[in-house]
Amino acid sequence: MLNHHDQAGLFQNLVLSVGTVLDLKSLLKQLAAQVNIHLPASQCLILVADEDDPVLRFGALHPAPSDTRTQQMLESLSLGLFNSSSPIIADWIAGNPFTLTAENTADQPELGWLLTMMAVDEVVGQPLMNRDELVGVILLALNEEGGEALESRLAAVTAAGALTIQNARIYSRTVHQAEAHMRELTILRQIDRELNDTIEPHHVFQMTLDWALRFTNAQAASIGLYDQETDELRIITTYGYDTSLEELQYLRAQSSSIAHRVARSGRAEIIPNVADDKDYIRGANQTQSQLSVPIRREDRVISVISVESKKLNGFSDEHLDFVEKLAARAGVAIDNARLFDTTAREREKLSHILNNTADVVIVLGLDERLILINPAAFSALRLYPYENYVGRRFEEIFPNTPLMDAYKRAQNGTDPLVEEVEVASGRIFHMNVTTQENVGRIIVMHDITPFKEMDRLKSELIATVSHDLKQPLAVMNGYIELLLMHRKLDENGLGFLDMVRKSIQSMRQLIDDLLDLAKIESGIQLNMEPVDVKSLVDDCLESLQPNILGKALRVVADIPDDLPFLLADRARFQQILLNLTSNAVKYTQTDGEIQIRAEHRDKMVHIVVKDNGMGISAEDQTHIFERFYRVRRPETDNIEGTGLGLAIVKSLVEAHKGQIGLESRLGEGTQFFLKLPVAVDDPTVVSA
Ligand code: ADP
């Protein structure tokens, strides 16, 4: 009798001798041989459970059959486990030892056949179990009667067999999985490489389609671009379809499709049998099953890839997994390709615009060197057509020109710089220089020569017409004087005549203003000299005295004694001052207050004319300096004016290289700020 020690020894022995064999076929062969050594058996047959199907297949026979026919027949064995009504097989599944004899297999030919193969009348056997699962069966043709010792040895052999088979299986499964994983990784790496190298969208789609077809063994495939906003899916590339792209597009526009469904839900789908899917639209005649996977970019579905198989149930979870990985990569590549495409198109558009615009466009980099110059610049600025100016400095190209002077002002911090510049050809350009962070300076120049000419003609026309209008007015005035001298008019007549005189007066004012403006705008000659602000303010207030008194206005003039002299045209400066102050008087109600203050700051004299009158709305403020602009409000109804005063003031201030601005609130008052350059820093020098 075999004790436990011997049983354990045999188990260990077997595991040690065959346990390192990891190839299942060789393992079974060696196991069968070992069994023959350790047990009194003439033959040992091992059947092994199939991993995928519930059948037993031939594992090994020792000694191996001498004729190849028996070998072949054994190799083709497939013994169904669950569809059998055999009580013996039921025993195997339960893990019970058994005996096969001619008698007990008489009505189970598939088991009787095993006896035939081994050419014996009887075999004893033991199922190989692993955690209650049948992994194989060991069958022995014994040389001698069995007994307890044999049973015990057989138990050790069975345990060792089950364990080693399981190990070999786990090993082969692991190797298989690792190999599949490696293969997949290799493919994905290659896909990454190829997709990275491609920026042409169509190529990306084509490649994605290719890889999906290859990996899933599909017969047909398509890719559609999805627009989430319009919910439109547009097929852009297909493979293996019998239907044309146009036809397919038409069919898909008529109804939904599986791909469209996937685009909307964002969830991949395997359709094992397309005949059962109401959304399926036939593109390839033999398609039986389909796999559709969304391609996403930043949480949006941008595209759907579909593969179709001739087989029912043609797609596995592995296929799905792979196509999803492919989709993730394609998403990035499609995005890159689109971005590149858009950038290229934008660049093309921009270069088209730059090449065809009549405006001069020059861009300088942060290092002050030219990075872009458009064709218009060449002709406008008289540059050599075949010279390369890119990389050069502005002063190298335009030394000692008004253009360079303007550019210097931009360099010194005027941003944006807006100026009129006359270039070498004599044409006048409106020049705009802006500084763009991280880019540099952008110069855009628009030719305003025709407008300048038109403006000159207009001023000339106004001057001529105005002059001609003044003539009859003078005559009218003369006759009014004569009528008055006749003294034959009654009260009413005198009143009418006064009204005519007032109308002539305001018409004259209008004509004078028009003439004046035309003169200033056509470039007046200013007679610049040091001007004492204080005395001019006094003059101005004196001339307005009747109006000030008439409205009982309080006037505060605060002009420091040490205020430097201005560099200005005395008469024109007086005109500026008078205009602003008379406006303050005109647009301030009775009992109001007017202030005139001046101070010296940064080589400029700052003058403020302030009132607490009716004020100007923000909207009106933007137009206030335009010609003929008058505020239309109930309270301005009875105030006479031409709307030319401030336009004249602004032109004059600018001719003096000064600046004017205002701050006002409706109903609260207005203050105009004026800034003009001082004659010299020390007023005593001038007055001396
Ligand atoms: P006007 O001949 O009408 O006074 P201006 O060019 O001098 O023409 O002024 C334009 C408009 O600006 C005026 O019609 C008036 O409505 C408004 N305005 C000018 N100065 C003042 C002020 N100090 N307060 C309120 N409104 C003013």
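What follows is a chat about a predicted model, covering its ligand site, helix packing and backbone geometry.

Trainee: What are the ground rules here?

Mentor: This is a predicted model, in which local features need pLDDT of at least 70, side-chain atom pairs count only at pLDDT 80 or more, and totals for chains, interfaces and linings use all residues. Residues are numbered from 1 along each chain as its sequence is written, and side-chain values use heavy atoms, with hydrogens and water left out.

Trainee: Ligand first. Which residues come nearest to the ligand?

Mentor: Asn583, Tyr587, Asp611, Arg630 and Leu646, out of 19 residues around the ligand. To be near, a residue needs a heavy atom within 4 Å of the molecule.

Trainee: What class are the residues of that shell?

Mentor: Nine are nonpolar, seven polar and three charged. Nonpolar here means Ala, Val, Leu, Ile, Met, Phe, Trp, Tyr, Cys and Pro; charged means Asp, Glu, Lys and Arg; the others, Gly among them, are polar.

Trainee: Which polar side-chain atom lies 3.1 Å from an oxygen atom of the ligand?

Mentor: One from Lys586. A polar backbone atom of Gly645 is 3.3 Å from a ligand oxygen. Thr670 puts a polar side-chain atom 3.5 Å from a ligand nitrogen. A polar contact is a pair of N or O atoms within 3.5 Å.

Trainee: And how much of the ligand's accessible area does the protein cover?

Mentor: The protein covers 98% of the 530 Å² that the ligand has on its own. Those areas come from the Shrake-Rupley method with a 1.4 Å probe.

Trainee: Which elements give two or more residues to the shell?

Mentor: Helix H18 (570–586), helix H20 (645–655) and strand E23 (669–677). H18 gives the most, with three residues. Helices (H or I, at least four residues) and strands (E, at least two) are DSSP runs, numbered from the N terminus.

Trainee: New topic: packing. How do H15 and H20 cross?

Mentor: The axes of H15 (residues 491–521) and H20 come within 10 Å and cross at roughly 25°. That makes the two roughly parallel, and their crossing is left-handed. Axes are lines fitted to C-alpha atoms, for helices over the stretch in contact, with angles from 0 to 180 degrees between N-to-C directions. Under 35 degrees counts as roughly parallel, over 145 as roughly antiparallel, 65 to 115 as roughly perpendicular, and the rest as oblique. Left-handed means the near helix is turned anticlockwise from the far one by less than a right angle; clockwise is right-handed.

Trainee: What about H6 and H7?

Mentor: H6 (residues 148–196) and H7 (residues 201–216) have axes that come within 11 Å and cross at roughly 170°. So H6 is roughly antiparallel to H7. H6 passes H7 in a right-handed crossing.

Trainee: At what angle does H6 pack with H10?

Mentor: About 20°, with the axes 10 Å apart; H10 covers residues 317–356. That makes H6 roughly parallel to H10. The crossing is right-handed.

Trainee: Last one, the backbone. Where is Pro63 found?

Mentor: In the loop between strand E2 (55–62) and helix H3 (68–75). A cis peptide bond joins His62 and Pro63, with omega about -10°. The bond from Asp415 to Pro416 is cis too, with omega near -5°. Pro416 sits in the loop between helix H13 (402–411) and strand E14 (417–422).

Trainee: And what is phi of Asn217?

Mentor: Near 55°, a positive value in a residue other than glycine. Most residues other than glycine have a negative phi. Asn217 is in the loop between H7 and strand E7 (220–227).

Key:
Polar contact = N/O pair within 3.5 Å; in protein donor to acceptor, adjacent residues only side chain to side chain.
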